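Here are my notes for your first look through this one. Keep the viewer open and follow the points in order.

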Amino acid sequence: MTRAFWEDHHAHKRAVYPDEEVVRFLANTFPDAAARRGLRALDLGAGSGRHTVLLARWGFDAYAVDYSFRAVANTRDFLAREGLPGHVACSTLEAVPFRDAYLDFVLPWECLFYGDPPALERAVAEVGRVLKPGGYCFTNFRSPDDKHVEESEPLGGGAFLNRGEWEGVVFTALDEGETRALFARDFELVWFDRYLVTRRDRKNRDARWIVLVRKK
Ligand SMILES: C[S@@+](CC[C@H](N)C(=O)[O-])C[C@H]1O[C@@H](n2cnc3c(N)ncnc32)[C@H](O)[C@@H]1O
């Protein structure tokens, strides 16, 4: 159901403007263009590729994965229109098509929380598997005060079923301790933050945890 939602979503919407949090993170963490060149960076759950294009433009060896065929087609199209190289694959978050320790950086932005808690745990373990020791993961999670939680039906254990505009989408909302615990085994926490943004005349309220970790 969630997957069908995304196929339909990406047929109608193509986000092109990168998230300011991602731009800020990249600028602070990888400021040196020469040092970025050739680093393998994965836009995981890439959607229509707004961050894949950003990574390729900044000189990373850019990879993108999404399980929506439409998202994969949109990302390939976006890279081609910009004249940028990139490797784009259709796959789930829970079984990422890379060998162990292949990547320097993984960016699962606005995507790890789509699914129930066991799926989320498998996806975090996959990120750990494909990252090199010392490699970064920059990600975000929905927190319990996000507007979507109010609009959704609790399924238990932190999982919710969205109603209304996002009808049928399953997601997980975690508190701070639960979010930190996800990374305790395989990662060292670099920083942990949160943001709260309202949009569309305050009808939307995005409340997120932001997490930067390094693979142990
Ligand atoms: C809100 S979009 C975010 C897209 C992109 N990261 C961005 O910031 O624009 C979430 C994306 O995650 C993908 N996704 C959700 N669950 C997934 C899963 N289990 N496996 C692969 N992709 C998934 C969806 O297809 C969708 O493109």
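**Notes on the fold**

1. Start with the parts list: the chain has eight helices and 10 strands. Bear in mind as you read that this is a predicted model.

2. Now the overall shape. The C-alpha trace spans about 45 × 40 × 30 Å along its principal axes. A compact globule of 216 residues would have a radius of gyration near 17 Å, and the chain has 16 Å, which agrees. Buried residues account for 40% of the 216 residues. If you take the contacts between residues at least 6 apart in sequence, 66% of them join residues at least 24 apart.

3. Next, have a look at α4, which covers residues 50-57. After α4 comes G59, with a positive phi near 95 degrees.

4. On to helix pairs. Two packed helices are described by the angle between their axes and the distance between the axes. For α4 and α5 (residues 69-82), the axes come within 9 Å and cross at roughly 35 degrees. This crossing is right-handed. On the α4 side, T52, V53 and A56 make the contact, while α5 brings T75, F78, L79 and E82. By class, that contact has four nonpolar residues, two polar and one charged. An α-helix has 3.6 residues a turn, so residues three or four places apart point the same way. Keep that in mind when you find T52 and A56 in α4, or T75, F78 and E82 in α5, among the contact residues.

5. Helix α5 also packs with α1 (residues 2-12), at an angle of about 30 degrees and with the axes 7 Å apart. Here W6, E7, H10 and A11 of α1 meet F69, R70, A71 and N74 of α5. The contact of α1 with α5 divides into four nonpolar, two polar and two charged residues.

6. Last, the ligand. Which residues come nearest to the ligand? They are W6, G45, G47, Y67 and C111, out of 18 residues around it. The shell around the ligand is made up of nine nonpolar, six polar and three charged residues.

Methods. Residues are numbered from 1 along each chain as its sequence is written. This is a predicted model: local features need pLDDT of at least 70, side-chain atom pairs count only at pLDDT 80 or more; totals for chains, interfaces and linings use all residues. A residue is near a molecule or strand if its C-beta atom, placed from the backbone, lies within 6 Å of it. Ala, Val, Leu, Ile, Met, Phe, Trp, Tyr, Cys and Pro count as nonpolar, Asp, Glu, Lys and Arg as charged, and the others, Gly among them, as polar. Axes are lines fitted to C-alpha atoms, for helices over the stretch in contact, and angles run from 0 to 180 degrees between N-to-C directions. Helices (H or I, at least four residues) and strands (E, at least two) are DSSP runs, numbered from the N terminus. A crossing is left-handed if the near helix is turned anticlockwise from the far one by less than a right angle, and right-handed if clockwise. Two residues are in contact if their C-beta atoms, placed from the backbone, lie within 7 Å. The radius of gyration is taken over C-alpha atoms; the globule rule is 2.2 Å times the number of residues to the power 0.38. A residue is buried if 20 or more other C-beta atoms lie within 10 Å of its own, exposed if 12 or fewer, and partly exposed in between; C-beta atoms are placed from the backbone.
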